[in-house]
Amino acid sequence: MPRPFRFGVSLTSPAPAGDWHAKCRRAEELGYDVIHVPDHLGMVAPFPALVAAAAVTERPRLGTFVLNTGFWNPALLAREVATTDALTGGRLELGLGAGYVQAEHDAAGLPFGSPRERVDHLRRTIEELDRLLGSDDHQPRPAQKPRVPLMIGGNGDRMMQLTAEHADIAAFTGARPVPGSTTGRLVPVTPRDLEESVARYRRLAEGREEEAELNLLLQMVAVTEDRAAAVGPLAERVGSTVEQALDLPILLIGTVEQIVAQVLAQRERYGFTYLTVLEPYMEAFAPVVAELGGR
């Protein structure tokens with residue numbers, strides 16, 4: 001039997017305390033299982049934003065989606081993780097990534113490094129977090145045992161290997177960075193490419209006692225009777241046909257019934273049971289959450 005669905009929403013827009021609390025409460029009202037925050041300059045600082053979300057909600061888990069590990073020293077990150085998990089009552093899910101936006105590192109005065117160097121730093125960070133937070137001598141202590149659930153997001157072979165070895169949640173973006181872009185511009189991958197990426201992860205993860213939960217970040221949700229009109233501008237922007245764009249797993253476009261069918265089909269084809277939508281689509285996706293939550 002497949003895992004039951006979980007749904008998350010990534011809250012990307014900074015807001016004053018009252019507005020931040022209101023949209024966190026709204027995410028809980030709509031049935032979202034996880035409130036996520038990103039880790040990009042110009043957006044909310046992840047850990048205080050999650051502590052604030054926990055203060056006004058009861059049920060949703062709270063996740064970093066995903067931390068730009070190049071921003072973080074492992075020992076200081078361990079302190080943040082343990083404190084946040086304790087202050088949220090054990091609701092934290094820790095998402096980690098190697099980082100892909102050079103301009104953010106430049107703005108922060110931090111080295112960007114090669115892909116190999118970024119993945120090496122991520123591996124060291126994971127190993128150091130396991131060592132520090134696995135020690136009874138580390139203070140502060142996280143609430144969850146044996147550890148805070150770990151999500152890893154990435155596409156390359158070494159990232160897949162790392163995910164297969166360590167992740168409780170394997171996150172797929174359905175997109176890849178444009179070569180040479182310093183601003184993190186992404187282009188969608190084809191359904192076949194995504195299918196091959198999931199298959200590669202599963203080969204690497206053979207022998208695990210329990211397969212990781214598979215997550216997909218959705219880039220667009222549009223409830224509409226006219227699918228072609230809704231996707232047309234995006235298709236033009238990425239240089240695809242309307243038909244190709246409508247086939248992309250990261251775009252959910254159509255009536256609620258059509259979107260529900262698409263989500264079910266994607267679980268069957270790829271194994272995705274944990275879907276995350278971006279903040280602008282929180283309301284549009286809510287009827288799907290109501291229909292499929294926990295199924």
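D168 is partly exposed, with a relative accessible area of 30%. R147 is partly exposed too, at 28%. (Buried means under 20% relative accessible area, exposed over 50%, partly exposed in between, with a 1.4 Å probe and protein chains only.) The side chains of D168 and R147 meet in a salt bridge, 3.0 Å from N to O. D168 lies in the loop between helix 6 and strand 7 (169–172), and R147 in the loop between helix 5 and strand 6 (150–153), so the pair ties together parts 21 residues apart in sequence.

## About the model

This is a predicted model: local features need pLDDT of at least 70, side-chain atom pairs count only at pLDDT 80 or more, and totals for chains, interfaces and linings use all residues. Residues are numbered from 1 along each chain as its sequence is written, and side-chain values use heavy atoms, leaving out hydrogens and water.

A search of the whole structure finds 19 salt bridges. (Each is a side-chain nitrogen of Lys or Arg within 4 Å of a carboxyl oxygen of Asp or Glu.) D157 forms one with R200, the closest N and O atoms being 2.9 Å apart. D157 sits in helix 6 and R200 in helix 7 (residues 191–204), 43 residues apart. (Helices, H or I of at least four residues, and strands, E of at least two, are DSSP runs numbered from the N terminus.) D157 is exposed at 54%, while R200 is partly exposed at 23%.

## Helix 2

Helix 2 (residues 46–55) has buried residues P46, F47, A49, L50, A53 and A54. On the other side, P48 and A55 are exposed.
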